[in-house]
Amino acid sequence: MSLVAVIFSASSFSQFLNNSALAQSQEENNLQSSFSNQSAKVNDLSKAILDKYKPRVLEHLFSNETIASNISSNSSIPVSIVVGVVSPNGPQVSGYGNISKDNPIPVDGDTAFDIGSVTKTFVATALADMVDQGVVKLSDPLEMYLPSNVTVPSYDGYKITLEDLATHTSGLPYWPPDWVWNKYYTTQQVYDLLSNSTLQSEPKTYANYSNIGMGMVGHVLSLKTGVSLEQLLKDRIWDVLGMNNTGIAMNATSISIPEDMKSRFAVGHMAGNESGLIFLPLELQAAGAMYSTVNDLLKYVSANLGLIDTKINVAMEETQSIRYPFEELQVPFPDPSGNESIPYAYVGLSWFSTTNLGTQVVWHNGGIDGYSSFVGFNPSKQIGLVILCSCFFTDVPPIEMLKIAIPFLLYYPDL
């Protein structure tokens, strides 16, 4: 690393915040430094959350010498963030950063980001909708919808069901053995990955997050309806909610961003460099292949809150219902007194729930190469939040997003 880079990296991060043309004034940072001002209007909240999250992101980037070196060399901050809040008073959106180095247009509510595992909540909603219509049952075994030559792992004769998969209680692993990222797999190879997987726990006893599990849910729903996963989600959710800037940026064999979205698609970042989208096999795209915008996701949140009435409201409510404890997600969060407490964590149909035994926050986050995301809402307080960032978990830990988003939703307006 050059001497200039070392100096730039070691010279105070706060100096960058104060002096950079890309940063806001100290007065603004002080004004929005916390959620303690209960008189804040909903139209101030997206900016307040952005002003709370952005310094945490930048601090992580600048504390990494490799990333700091890249920043000092090209004078480009490798991140963009868009935050949206919705309540009965309406939506409000705030953004920071540009779409890319080559496309220095500021990001906003119509900028597309890869949303990773938030995709799973849409698949779960489609599942609940199809259950309501009698097309499938939650108790149906997975193997019922797969070719007869596919062996699905079982436990003492018990066959994994669609509900087990959607609640992460099937026992299937996070990814199957020998999984390789960004690789094209044939359908039979995906089936082989499933067949060669070993259950990590007895089904229905323990929430064990599984990408292959939710991937299979989307795959069998696609097989059952005879349409692609993208068309299934479009017909049952996106078109219903008017989510016209949401989709899946890949086909069966490669990445494929629609032409009308390319100029509005925020480029992801890893280790301070711009990164390309990652490919998922067709049969597993339900695990995290969607892209969307804050404006579209606020429509989704509004429907989940019941702020808008649609034909899938009942299905959405069903996905939110608590079904199993999720011990992995029971982590400490700051409460209004300034102390850290450990709320209880659960899982519904894909959605996570955090509760202090008085208030329930329903949420899901996502992380895929170059991107991080959060979508959540508090049904009783009628407020929802979306955060999209062109930053990856290896550079900015997901807990930074969660420690801002979940307490805000859980304790609003007291925090």
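This is a predicted model: local features need pLDDT of at least 70, side-chain atom pairs count only at pLDDT 80 or more; totals for chains, interfaces and linings use all residues.
Asp296 is buried, with a relative accessible area of 2%, where buried stands for under 20% relative accessible area, exposed for over 50% and partly exposed for the range in between (1.4 Å probe, protein chains only). The side chain of Asp296 meets that of Lys299 in a salt bridge at 3.9 Å, N to O; the term covers a side-chain nitrogen of Lys or Arg within 4 Å of a carboxyl oxygen of Asp or Glu. Lys299, at 32% relative accessibility, is partly exposed.

Residues are numbered from 1 along each chain as its sequence is written, and side-chain values use heavy atoms, with hydrogens and water left out.

Twelve salt bridges are found in the structure. One of them pairs Arg236 with Asp129 at 2.8 Å, N to O. This pair links distant parts of the chain, 107 residues apart: helix α10 (residues 229–241) holds Arg236 and helix α6 (residues 119–132) holds Asp129. Helices (H or I, at least four residues) and strands (E, at least two) are DSSP runs, numbered from the N terminus. Arg236 is buried at 15%, and Asp129 is buried at 8% relative accessibility.

Glu143 and Lys159 also form a salt bridge through their side chains (2.8 Å, N to O). Glu143 sits in the loop between α6 and β4 (154–155) and Lys159 in strand β5 (residues 158–159), so this pair ties together parts 16 residues apart in sequence.
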